[in-house]
Amino acid sequence: MSLSVSFPMEWFKSDPHTQLTATSSEAFQFITTPEGGGFELQPGQLESAAWCDYGFVNAKVYHESHDVLVLLFSFYDRDHRVITYHVGILPGVRTEICLPLIHLNGEKLFLPRYPGVMQTVLRGDAGIDRKHITRFSIATLPSTTSRAVQISDLALSLTEPVFEYEQQPYIDDLGQLKGRDWPGKTVDAEALTDRLRTERQLAAQADHNGGDLSRYGGWKALRFAATGYFRTEFDGSRWWFVDPEGYALFSTGMDCVGPACSMHVTGMEHLIPSLPEREGLYQEAWSQDGEEFSFEIANLITAFGAEWRSNWVAMTDFRLQQWGFNTIGNWSNDRFINESQLPYVYPLVDFPMTEQTIFRDFPDVFSPEYERNAGSFAEQLLPLREEQRMVGYFMRNEPHWAFVDGLNLTGQMLKSPVRYASKKEFIRWLAEKYKTVERLNMAWDSVFEEFEDLYDVLNVNVTGDNLTSAREVDYNQFNRIMIRRYVEVPARLCKQTDPNHLNLGMRYAWVGSDEVLEGCEWFDVFSMNCYQFSPDKEQIAQISGRLNKPVMIGEYHFGAAEGGMLAYGIRAVATQKERGEAYRYYVEQGAAIPQLIGVHYFQWNDQPVLGRYDGENYQIGVVDVCNRPYEPFVQAARKAHDQMYQVRTGMTAPYNIVPMEIPKTGF
């Protein structure tokens, strides 16, 4: 067998939005319209066995677009299931792409970074049958303009490519994008230092008198019974957070309040200018393992020297309070939390897992190991039980298993040869329901000789190609049983450990099915992340009504094409002014929803031009890499915060100018 199988351009057929042109025997160019487009491998060009014989799809890619290019590599099987690799590629840089085909099993959501590549994310079904791939396509996402992309050496390969790149610094000594100017770009280190020191002096002179707000950020115009800790209250019309003194609070939080969103160095060295030594004045800009470097911290050290951290804390606290943010959001800096007076939320870590997982990060929830680990997990709350500034805790963020809509956890479990404790419980549950294997066979249209045959993967697969309605019902019911236990076990132990603080939930990326709500009555607040231009009023009302709990949003953001960044996040607008208006629209529309009690923005800093640890590089920050605030954004934020309680109580109509969205550059 040869080391690789090349894909010539002639093997592909383009869609109506795409033009394919050969540039050599091993290279071609494709041009798409702003709507996006792509091309697909024609049937019969490749033996189906090749997808198993070879381990990787490799290619070299180059483009000169105005932003990061996201290529979609999609694989379909004979059952019409699909897995798509979303791969980010910087403009103006020749980049090697490598897609390990082992990930077609769907077990990973985010893939490790290869040198020079931005984020790679898997989307689609829970997995596909690699032995029976029927279609393969390459496409682009929509953009504001057409795109021209050069691809060479596209091939199936036995090995990963050799990553050999020329030195080509892509960012300047302050961490800003080279070769582009924009309003607000910092000219040099001297300008950076002058600006930050001037603002630090303003912060030192600031009066932090809360005015009509309590010392915990609550609204003094509305008061309920005080308990000394944050809690929730339904006033007959709307839900509220209630601060320790009893004042009503609608939480406008800021996620990731920290001095840096560090750049991933390894694999990107050819695009980075000379960096300071890892010892000496700039030592704190490096991570301990040397894998990451923070230009934000390096710039603060340039401005303030060894006292950079205390100056950053004071300046940032001044900014947040001046702009009306009333909560320190998830993943924020510990020292900042300790020295600020703002309330904060707490992210628990190391959600209980088991050695064998059913799918991605969904554990074997009926294993004794799960309950043991849940007990250890809850112990994180012991030292925080009497902390009055803590609003509550999130048990985790965006479970990866829940990214697959309609995921059949029970079906996934039965496909595995592992004798999960949860599989044993399912078989016990079936035996209790049907009493005899004959009744099970009659309902399922199966031919089991005994209930224990369900442990045999071959038996289950043979009888499981065409699910009967009874089997689907049983799978769905047991899916709910497992999800309920997944939530209930750690939530119960957390509440036993810390009865004073609010359980703020798991921040689901979205609610793809009603099954996800199983067990969530154990939360005090149901949290989810909502990357829309306004919170989903109907869905929030539905969830709150089902659980009899308030809802909060743990993440949302907007990026702008205007400026020195190459990717705009999950929701995007054209200008920084529009980005500020988008923030105001989201907050005020959210404040008007009776069941919603908080919205937390993601995040404080822009992400690095060359990507954080996983390759995300979004222009979503309140401040840029030089710690300069985006003024149109913060001015709009202050307006939203100044009148959100009038909006919430119906005294003022919410801001109603809907932002104009542009195509995102998101992975």
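Author: Two strands pair if DSSP finds at least two bridges between them. Strands (E, at least two residues) and helices (H or I, at least four) are DSSP runs, numbered from the N terminus. This is a predicted model, in which local features need pLDDT of at least 70, side-chain atom pairs count only at pLDDT 80 or more, and totals for chains, interfaces and linings use all residues. Residues are numbered from 1 along each chain as its sequence is written, and side-chain values use heavy atoms, with hydrogens and water left out.

Reader: What makes strand 8 and strand 10 a pair?
Author: Five bridges join strand 8 (residues 82-89) to strand 10 in the antiparallel sense, and at least two are required, so they pair. Within this pairing, Y85 lies opposite L122 of strand 10.

Reader: Why do strand 2 and strand 10 stand at the edges?
Author: The open sheet has six strands in the order 2-5-11-7-8-10, paired antiparallel. Strand 2 (12-14) and strand 10 (120-124) each have a single partner strand, so one side of each lacks a neighbour in the sheet.

Reader: How do you know that strand 13 pairs with strand 16?
Author: Two bridges connect strand 13 to strand 16 (residues 247-249), running antiparallel; the definition asks for at least two, so this counts as a pair. W219 has A248 in strand 16 as its bridge partner.
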